[in-house]
Amino acid sequence: MKELIKKLTEAYGPSGYENDVMNMIKEEIKDYVDDLKIDKMGNLVALKQGKGNDRKKIMFAAHADEIGLMVTHIEKEGFLRFTNIGGINPYNLVGARIKLQSGQKGMVSHEHLDSMKDLKLEKMYMDIGSSSEEESKKIVSLGDIAVYDQKTQFIDGRIMGKAIDDRIGCAVLIETAKQVGEVDNDIFLVFTVQEEVGLRGGRTSAYSINPDLGIAVDVTRTGDTPGAKRMDVALGKGVAIKIKDSSLITSQKVKKLIIDTAERENIKYQLEVLERGGTDAGAINLAREGIPAGCLSLPCRYVHSYSEVVALEDVENTIKLAVKVAGNSQLFQE
Amino acid sequence: MELKDFITRISEATGVSGNEEEVGEIIQEAFRTLADDVYVDKLGNVIARKEGKKKSEAPPLMFAAHMDEIGFLVSKAEDGGFIRFEPLGGIDPRTLPGQEVVIKGREKIRGIIGAKPPHVQDAKEREQAIKMEKLFIDCGRSQEELNEIIQVGDFISFYQELTWLKENICAGKALDDRAGVAALSILLKELGNRSHDFDVIAVATVQEEVGLRGAITGSYHINPAVGIAIDVGFARRKGLEKERTLQSGAGPGISWGPHVHPQIFNKLKEIGERDEIPYQLEPVPFPSGTDTYAIQMSRCGVATGLISIPLAYMHTPVETINIKDIKRTGRLLASFCAEADEKFLEGLPCL
Amino acid sequence: MLIKILTEACGVSGREGEVRQLIRGEVEGYVDEVNGDYMGNLFAWKRKNGRPLVMLAAHMDEVGLMVMGIDNEGLLSFSPVGGIDPRVLVGKKVLVGKEKINGVIGSKPIHMQEKHKREKPFPSKELFIDIGAENQEQASREVNVGDYVAFDTATVPLKPGVLQGKAFDDRAGCAAIIEILKEDLPVGICGCFTVQEEVGSRGAGVAAFRVNPDIAFVLEGTTASDVPECVEHRYSTSMGKGPALTMADRSFLSNPRINKYVMDIAERENIPYQLRRTNVGGTDTGRIYQTKSGIPAAGFSLPCRYIHSPVSMLNIEDYNNMVKWMKAILYDIGKGGFPFERID
């Protein structure tokens, strides 16, 4: 699984350009599911057909996209100006290495500033080693999107790398497909697009599938680092069951269903109240007439930086819980 | 149930966004005596249907008021038995110190919102407003006791008994928008002795305070031709601009702006004039923030209206209303239902 | 001229009726059916059952003001409808309400202002509309609280090929769609003239839900920032360099496959175009492409200088190129040039 996580997180896949990631995922799960298709928005939808009589639809969603930098202007000297795709803190970009879809590498720096307080994206640029506008134009077009260029490392039970948000969720769903075995209900594993810019793939795929239950698998923040903002979620304390974020308040029923499953199966979990941020679960919840939805969150430090950190142990617990929820034939009887 | 009793019960019940079951039960019970069919939809909206005379397949008339209230969630139980919390909905932290709350853990327990005492603050600190993250809830219990009852994610509601300031004027929590729900009950009651062509559906929506969520899914589900929301508007008080406020006790505000269908607006005004039901105009240049906005944009679009009941001290536990405005709202809408015939509905698409 | 007629009409968000009727009058006779919905969106269907069905959308509404109160002296206080920089309002002519009462936006004269206050923009609250009424009673006879207010701006050429006027955003888009509908193209088209774009793109999603097209193109007006005091790397678009294809905005991410398809056509037909090089603002495109199961879409913008103000500027050549480009795309789609089955 480490290899899978490494491959997925290092891949190129900003919002709108998730193809490479989707192809990797397809290869991984094609032997374990009954149907695989890409929908109009670009979401990869895998179906594991249920064997039960009174089948319900459960939709799992993890987003395949990552944040990126869109090229908006090429300077005479070959430097690239850019804007953000998804939520990016400019301070996380200083000195960051980046890559374009073509494989072209580069780095980010900024104009001279009297104070770092003045740091804004418009004061920043990418340096791709080119020394003129003409040279740059051969390598890059306006509208191209760069992502962090970062190798993923495993240190002492921790995973550190870029785009763990939310390729780690993709890895969880892939493992779920592999481990769940025969199921009673129809299990849709959806690898969504454009989550980072507003839950868009989750919204349209939930409309198409119209499931009876939606579960997103995504990362969440933690409060376990020095001087962190208060939050009762920590690395290594298990899968975080979402109670609330800006996009979702989990209903009592869904909360109970997930917590009961974790308790019954002895899976280590914690409860998550997130001040800001949303996941595909919020979009699924509001599709059509309303769809019961929840979210299994992976506690993650330094979200949206080029070194996001999660605990391998939490990943394993999340997989266990996802497998048990997907495989539970009594889910809707309770 | 008498209106005053109903308002008292729903105001005092808990029903923070995402946790509306308790107030929802009371509303269901009341609506059952007034409507043909009452049920709860997937997100928790309470839906009451009163059948129209026409018994056609025509889309219904929808009336929505939200039953959720602002409140909090337990975000952390800290050493020493203190509880930290996260707001649900727009809350001014300056209104919080010294408020009473109820926490819905394994059992309901009461507590007080506390802050660092002014005596131990330095001069500079005392000039600052206290931030939400500096506040805590004290239940007078030890950490061990609390751990048995409370966990992260439990809902917290203001604790407040409704007070009658004058015969028709009451103050309490959650009147935004339980006042609207009370108006729905008047509407259904009035329709008991008035005939109307089309099905009327009254909805007590959930999760309005966190993003109109109940109205989004509820209107998709109901798929109405006409949708009118009943919410509260700012009552005129000291220091507030006249043109952005409504006068308490002078009748409901009939809202006007891009979120309102001109013919629904005209009809409501016309009825107000003719039946001598006092009303006020409420111009809103930029749509945001009430169920109307969500309903209007549902599916292929809905012809919408918005009624605002004047309410003072919004989003505090002493929200103040005049119940005459609630009764007037119910009557106004009942006449609207009685007069919304096929011809009126056919004229609504704009060409 | 069509653009002149459309831009001089009043249609502040929520009050698009006058524009709607003008457009209806223009397209009737050229299309199979015209209908409207509860919000005020107008649909003009051509080859109604033709597939693929292309949705062309432009919004009818413009930014403006709403009367909020009438004071004892008969002056009107107001609030903006849509995003208007209040600093552009002082000393402008306006039309108030359905009857289009003439008014001007007044303020305290410079002589009577304290010096330090001149450094700050006029707060909207200190501005008012004067319709020449002597008192509240007189003003109330002509104006109601809640009346919409539009800018009173004539559309005139500044020089051949450059127009000045209001509401090019997005009546120019409306005019382009009307022109396209008048031509016979081998593809099903629903021309959608939407409402309430300026107050949150509120009409377009509803329109897309009804039309449910195979693909949607949105024709917009956008900021041209090729003016002094802007640095080049922050230009959104430049006037006179052709219509702009939107890469991304706050509500929309373009589809690389559609981008390539439309850019190839522009190059083949020798139509100048540019890319819209910022991700700010939200438009109808964002609403449309997230409707239902997702609708493939692209956004095309006409670069206008001084957008969202009482007077903006448009290059006719940009407009003509937009129409030409769109027609070429529609013709190509009609011939089966667009790979719908491979839209991933």
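Modeller: In chain A, strand 3 (residues 57-63) and strand 13 (residues 213-220) run parallel and are joined by 4 bridges. This is a predicted model, in which local features need pLDDT of at least 70, side-chain atom pairs count only at pLDDT 80 or more, and totals for chains, interfaces and linings use all residues. Residues are numbered from 1 along each chain as its sequence is written, chains are lettered from A and ligands numbered from 1 in the order in which they are written, and side-chain values use heavy atoms, with hydrogens and water left out.

Biologist: What makes strand 3 and strand 13 of chain A a pair?

Modeller: Two strands pair if DSSP finds at least two bridges between them; strand 3 and strand 13 of chain A have 4 bridges, so they pair. A:F60 stands opposite A:I215 in strand 13 of chain A.

Biologist: What is the strand order of the open sheet in chain A?

Modeller: Its 8 strands follow the order 1-2-12-3-13-16-14-15, with mixed pairing.

Biologist: Why are strand 1 (35-38) and strand 15 (269-273) of chain A called edge strands?

Modeller: Strand 1 and strand 15 of chain A each pair on one side only.

Biologist: Why is C:E198 said to have no salt bridge?

Modeller: A salt bridge requires a side-chain nitrogen of Lys or Arg within 4 Å of a carboxyl oxygen of Asp or Glu. The nearest side chain of opposite charge, C:R171, is 8.6 Å away, so C:E198 has none.

Biologist: What makes the approach of C:E198 to C:H308 a polar contact?

Modeller: Their side chains lie 3.0 Å apart, and a polar contact is a pair of N or O atoms within 3.5 Å; within protein, one must be able to donate a hydrogen and the other to accept it, and residues adjacent in sequence count only if both atoms are side-chain atoms.

Key. Buried means under 20% relative accessible area, exposed over 50%, partly exposed in between (1.4 Å probe, protein chains only). Lys and Arg count as positive and Asp and Glu as negative; His and the chain ends are not counted. Helices (H or I, at least four residues) and strands (E, at least two) are DSSP runs, numbered from the N terminus.
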